[in-house]
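Hi everyone, thanks for coming.

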Amino acid sequence: MIDNDLIQAALVAKLKANTALVNWLTTFSAQSEIRESQWQGRDFFYPAVRVELGTQIEEGNPPCYSTIPFTVYSYSEKDSSREANQLAGYVNDAILRKAVSSSGWISGIIIADGSIAARRVSERVWQAVNLYRMNVYGGVL
């Protein structure tokens, strides 16, 4: 199986490489806010994008690839949920039906498992959720 940190880093890099997404975030001076979900910093800026991996499972008999679900969270701090939902749309455009790769492995196309409209997660923060899944090939299976 491919190390989860490598998969997560490739997904973050894929999002950071998307010009439309980065340009949109840049209008809010938040272009650096595409990170892994476990990132802990002192200052948080909105809007923000966070990538979280699910459980990677070996597939095939014998195992010849793995499947991994992942979630991309889009955060906003506006009075309305509109900005978080708009950001989730940019995220979707950036990775849906695309592939990622790194040294020694490649994914199949990224498919959507659903999208959850923004909901309030704290007094001033909205969170929209995009659910995805992909197969990963290569590495030691």
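Contact here means heavy atoms within 4.5 Å. Helices (H or I, at least four residues) and strands (E, at least two) are DSSP runs, numbered from the N terminus.

A quick word on the source. This is a predicted model, where local features need pLDDT of at least 70 and side-chain atom pairs count only at pLDDT 80 or more, while totals for chains, interfaces and linings use all residues. Residues are numbered from 1 along each chain as its sequence is written, and side-chain values use heavy atoms, with hydrogens and water left out.

Back to helix 3. Spanning residues 82–95, helix 3 has 14 residues and reaches 21 Å from its first C-alpha to its last, close to the 20 Å expected at 1.5 Å a residue; that expected span is 1.5 Å times one less than the number of residues.

Which residues of helix 3 are buried? They are E83, A84, L87, A88, V91, A94 and I95. Seen down the axis, these buried residues fall within an arc of 140°, so they line one face of helix 3. The arc is taken from the directions from the helix axis to the C-beta atoms. As a reminder, an α-helix has 3.6 residues a turn, so residues three or four places apart point the same way. On the other side of helix 3, R82 and D93 are exposed. Buried means under 20% relative accessible area, exposed over 50%, and partly exposed in between, with a 1.4 Å probe and protein chains only.

Now the neighbour, helix 2. Helix 2 and helix 3 pack at an angle of about 155°, with their axes 8 Å apart. The two helices are therefore roughly antiparallel to each other. The contact is made by A20, L21, W24 and L25 of helix 2 with E83, Q86, L87, Y90, V91 and A94 of helix 3. For the angles, axes are lines fitted to C-alpha atoms, for helices over the stretch in contact, and angles run from 0 to 180 degrees between N-to-C directions. Under 35 degrees counts as roughly parallel, over 145 as roughly antiparallel, 65 to 115 as roughly perpendicular, and the rest as oblique.

On to the strands, which pair if DSSP finds at least two bridges between them. Strand 1 runs parallel to strand 2, joined by 3 bridges, and R35 stands opposite R50 in strand 2. Strand 2 also pairs with strand 4, in the antiparallel sense over 6 bridges, with L53 opposite F70 in strand 4. Strands 7 and 8 form a hairpin with 5 residues between them.

Finally, some backbone details. Most residues other than glycine have a negative phi, and most peptide bonds are trans. Where does P47 lie? P47 is in the loop between strand 1 (34–36) and strand 2, and the peptide bond from Y46 to P47 is cis, with omega near 0°. Another cis peptide bond joins N61 and P62, with omega about 5°. R97 has a positive phi of about 65° although it is not a glycine, and at 56% relative accessibility R97 counts as exposed.
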